[in-house]
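Subject: Structure handover and findings

Hello,

Here is the structure for your review. Please load it before reading on.

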Amino acid sequence: MCAGVCTSRREWRHVVQHRSEEEVPSPALSCCVCSGVNPRVKSGRFMRILPDYEHMEYRDVYTCLLHRYRHILGLWQPDIGPYGGLLNVVVDGLFIIGWMYLPPHDPHVDDPMRFKPLFRIHLMERKSATVECMYGHKGPHNGHIQIVKKDEFSTKCNQTDHHRMSGGRQEEFRTWLREEWGRTLEDIFHEHMQELILMKFIYTSQYDNCLTYRRIYLPPSRPDDLIKPGLFKGTYGSHGLEIVMLSFHGHHARGTKITGDPNIPAGQQTVEIDLRYRIQLPDVENLRNFNELSRIVLEVGEQVRQEQQQQEAGEGPALPQERPAREADAVPAADSGKPADGEAAAEQPAQSGKGQPFVLPMGVSSRNEDYPRTCRMCFYGTGLIAGHGFTSPEHTPGIFILFDEDRFGFIWLELKSFSLYSRVQATFRNADAPSPQAFDEMLKNIQSLTS
């Protein structure tokens with residue numbers, strides 16, 4: 001326990017239980033308050049400038065720090081043009097810290113996420129919380145946080161000279177490149193990729209950690225979901241790895257970009273999967289033939305289009321409403337041109353759960369050759385493609401491949417490209433949507449910002 005701040009768990013509980021109703025925070029914050037974490041242990045990485053907590057009152061810590069900034073705990077997406085991002089604000093000891101989560105270095109999609117602190121808040125003196133910017137390489141310095149409203153806040157660095165390096169922009173770029181991509185510019189031979197990297201550096205560095213953040217939620221989970229929804233890291237060609245949120249909406253699954261690029265910005269829906277239309281892959285030899293796979297997918301796509309047109313015109317029966325096939329129902333559909341029947345699949349336990357051999361067709365490019373060689377099931381889907389600056393966006397046909405609970409892929413037929421997605425394994429607190437409606441509204445809001 002931290003001497004002078006919290007002498008016992010009982011005292012913390014007394015504070016939590018005897019404040020006015022207006023001061024009651026979320027249950028997760030109450031747990032943080034009652035835990036009495038010793039900041040000298042958990043936040044050891046900040047030991048060099050720890051304030052003197054020996055003379056702090058625990059009521060001041062709660063009132064001036066934990067309660068005042070309770071609304072910024074959770075997951076947020078920064079407004080950095082098309083690039084977006086993922087910020088997680090947490091209570092760490094007697095600090096509140098904003099961690100920016102970054103994908104692993106391209107193309108290692110199965111590696112864990114990286115993260116770096118962007119700001120921290122703590123008590124330097126009684127009754128006054130201090131906000132410090134952690135951006136750059138010269139240590140913490142003066143910053144400011146403004147809570148615009150419950151689901152939006154902004155940060156400002158008051159000493160941006162701390163972000164500069166002695167070697168000028170050249171040194172800043174090389175340092176950023178090593179951190180962002182894990183390599184030097186000389187290691188990247190693709191000219192278009194070099195241009196994209198330089199463009200991102202110029203665009204993102206101009207903000208100097210003066211950003212506006214909007215709250216995002218993790219998708220709600222239902223028992224009949226194909227797999228557990230959540231955040232995934234995905235490969236996007238020359239753009240590198242990006243963070244995508246997989247969510248389920250009845251008979252459809254959607255992948256929404258949390259981080260993005262100049263073609264498809266953050267907030268846009270990158271893929272949509274129709275879970276009513278299972279696709280049976282051909283044997284491995286025929287699967288290597290791109291034209292054969294393309295023929296199968298396009299036939300299903302044409303059937304989807306015709307049925308949608310008939311329904312819109314009031315002709316013919318409505319699209320079938322059987323439940324989507326779950327992971328346990330991993331059996332190829334008897335007819336790849338018809339909607340999958342999850343109940344029928346479940347009636348074939350002898351085949352259920354067995355993997356089907358998978359290999360990428362010849363001519364399909366992939367950033368990562370270390371993809372799974374067996375899959376559980378495939379579905380028809382569409383992927384969003386666009387020109388630079390999100391010009392002429394178009395939903396094009398593709399195939400969704402479920403490998404296991406934590407990995408899936410998508411083949412973009414028009415691009416002849418394969419994206420591999422791997423689940424983000426980090427645990428996030430204060431990130432659950434209060435209701436499915438609130439989650440859907442959040443998706444609409446982040447999409448409208450870049451439309």
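First, the ground rules. This is a predicted model, where local features need pLDDT of at least 70, side-chain atom pairs count only at pLDDT 80 or more, and totals for chains, interfaces and linings use all residues. Residues are numbered from 1 along each chain as its sequence is written, and side-chain values use heavy atoms, with hydrogens and water left out.

**Aromatic pairs**

A pair of aromatic rings is described by the distance of the centres and the angle of the planes. Here, rings of Phe, Tyr and Trp (its six-membered ring) pair if their centres lie within 6.5 Å; planes under 30 degrees apart count as stacked, over 60 as edge-to-face and the rest as tilted. Searching the whole structure gives 23 aromatic pairs.

One of them is Phe 173 with Trp 176. Their ring centres are 6.2 Å apart and their planes are at 25°, so this pair is stacked. Both residues lie in helix H5 (residues 168–181), three residues apart, about one turn of the helix. Helices (H or I, at least four residues) and strands (E, at least two) are DSSP runs, numbered from the N terminus. Phe 173 and Trp 176 are both buried. Buried means under 20% relative accessible area, exposed over 50%, and partly exposed in between (1.4 Å probe, protein chains only).

Phe 408 and Tyr 421 are also stacked, because their ring centres are 4.6 Å apart and their planes are at 15°. Phe 408 lies in strand E18 (residues 407–412) and Tyr 421 in strand E19 (residues 417–423), so the pair ties together parts that are 13 residues apart in sequence. Phe 408 is buried at 2% relative accessible area. Tyr 421 is buried at 0%.

Ring pairs also build a cluster: Phe 232, Tyr 236, Phe 379, Phe 400, Phe 408, Phe 410, Trp 412 and Tyr 421.

**Charges over rings**

The rule: NZ of Lys or CZ of Arg is within 6 Å of the ring centre and within 35 degrees of the ring normal. Tyr 236 has the charged end of Lys 257 over its ring, 4.3 Å from the centre. Tyr 371 has the charged end of Arg 373 over its ring, 3.8 Å from the centre.

Two strands pair if DSSP finds at least two bridges between them. Strand E16 (residues 377–387) and strand E17 (residues 391–404) run antiparallel, joined by 10 bridges. Met 377 stands opposite Leu 402 in E17. E16 and E17 form a hairpin with three residues between them, and Gly 389 in the turn has a positive phi of about 80°.

E17 and E18 run antiparallel too, with six bridges. Ile 401 stands opposite Gly 409 in E18. Two residues link E17 to E18 in a hairpin.

**Strands E2 and E3**

Strand E2 (residues 86–92) runs antiparallel to E3, with seven bridges between them. Val 90 has Ile 97 as its bridge partner in E3. The E2–E3 hairpin has two residues between the strands, and Gly 93 in its turn has a positive phi of about 65°.

In a regular strand the side chains alternate between the two faces of the sheet. How many residues of E3 (residues 95–102) are buried? Eight of its eight. Phe 95, Ile 97, Trp 99 and Tyr 101 cover one side, with Ile 96, Gly 98, Met 100 and Leu 102 on the other.

**Glu 180**

Glu 180 lies in helix H5. At 19% relative accessibility, Glu 180 counts as buried. Its side chain makes a polar contact with that of Lys 200 at 3.0 Å. A polar contact is a pair of N or O atoms within 3.5 Å; within protein, one must be able to donate a hydrogen and the other to accept it, and residues adjacent in sequence count only if both atoms are side-chain atoms.

**Cysteines**

A disulfide is a pair of cysteine sulfur atoms within 2.5 Å. By this rule there are zero disulfides. For Cys 157, the nearest cysteine sulfur is that of Cys 133, 3.8 Å away. For Cys 378, it is that of Cys 375, 4.0 Å away.

**Arg 70**

Arg 70 sits in the loop between helix H4 (58–67) and strand E1 (74–78). At 21% relative accessibility, Arg 70 counts as partly exposed.

Best regards
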